[in-house]
Amino acid sequence: MTPTRFFLIRHALVEPTARLIMYGDMDVAVCAVTMVQDAETYRWLAGRLPAGARWFHTPLSRTRATADAIFAAGYPAAPMEIEPRFVEQHLGEWQGITHEALTEMLRDPPHPFWPHGAEETPPGGESLRDVIERRVGPALEDMAAQYPGEDVVIVAHGGSIRAAVAHAMRLDPHQAFRLSVKNLSLTRLENHAGEWRVVSVNEEPPGPL
């Protein structure tokens, strides 16, 4: 049986002032300068992604802008749908504050590779476990059942892509935060009759390390 293949792309780098704060699922803009500088990466993605795939992005403009840039780089423009369950983690009262201010608000020690603990829930927000178990995991299962044997491209976010890999590999949130998911990287998952396989995480164009 042909698997359902998922191609998950993290959106382009956001504009500089947004990088100074915990922006979570705020609708911040992409960086115009790096959009131009990353032209070769968009061409790589346009050639790397399968023809005839179904395309999805989240409600945040940075994912749609990234998809449009891939189309402009040579991938044939395709109809797009919004999948809100792949939106970035909602950080509640932490959203909009600086990384320095966050340290004063934490209940748990921060993760070695993240500004806050993997199990900590921001006031008024959601934890990474919530993202994995309540949103992204169910979304992946629904889409695998809805599009059997098809190719699905989702332009999403670092948090939701980590959550997708965590669901596929049955990782806990602490383990999920150890995954590197860079801007414009490609992560590939497959669903084989209900069983998940991780093909790659954080693929980037060939080049110097």
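Buried, as I use the word here, means under 20% relative accessible area. I am working from a predicted model.

**Entry 1, glycine 159.** I looked up glycine 159, which is found in helix 6, and I noted a relative accessible area of 9%. Leaving out residues up to four places away in sequence, I listed Glu88, Leu128 and Val131 as what glycine 159 touches. I also checked glycine 124, 35 residues apart from glycine 159 along the chain, and I found 17 Å between the two C-alpha atoms.

I then turned to the largest pocket, for which I noted a volume of about 350 Å³. I counted 21 lining residues, of which Arg10, Tyr23, Glu88, His99 and Trp114 are the closest to the centre of the pocket. By class I recorded nine nonpolar, eight polar and four charged residues in the lining. Helix 6, residues 158-169, gives the largest share of that lining, with three residues.

**Entry 3, the strands.** I followed strand 2 (residues 54-57) and saw that strand 2 pairs with strand 4 (residues 151-156) in the parallel sense, over four bridges; there, arginine 54 has valine 152 of strand 4 as its bridge partner. Strand 2 also runs parallel to strand 3 (residues 80-82), joined by three bridges, and I found phenylalanine 56 opposite glutamate 81 of strand 3. Tracing the chain from strand 2 to strand 3, I passed through helix 3 (residues 61-72), and I recorded this β-α-β crossover as right-handed.

How values were computed: Residues are numbered from 1 along each chain as its sequence is written. This is a predicted model: local features need pLDDT of at least 70, side-chain atom pairs count only at pLDDT 80 or more; totals for chains, interfaces and linings use all residues. Side-chain values use heavy atoms; hydrogens and water are left out. On a 1 Å grid over the protein atoms alone, a cavity is a set of points where a 1.4 Å probe fits but cannot get out, and a pocket is an open set with protein on both sides within 12 Å along at least five of seven lines; lining residues have an atom within 4 Å of a point. Grid points are joined across faces, edges and corners, and a volume is the space filled by probe spheres set on the points. Helices (H or I, at least four residues) and strands (E, at least two) are DSSP runs, numbered from the N terminus. Ala, Val, Leu, Ile, Met, Phe, Trp, Tyr, Cys and Pro count as nonpolar, Asp, Glu, Lys and Arg as charged, and the others, Gly among them, as polar. Two strands pair if DSSP finds at least two bridges between them. A crossover is right-handed if, with the strands pointing away from the viewer, the path from the first strand over the helix to the second runs clockwise. Buried means under 20% relative accessible area, exposed over 50%, partly exposed in between (1.4 Å probe, protein chains only). Contact means heavy atoms within 4.5 Å.
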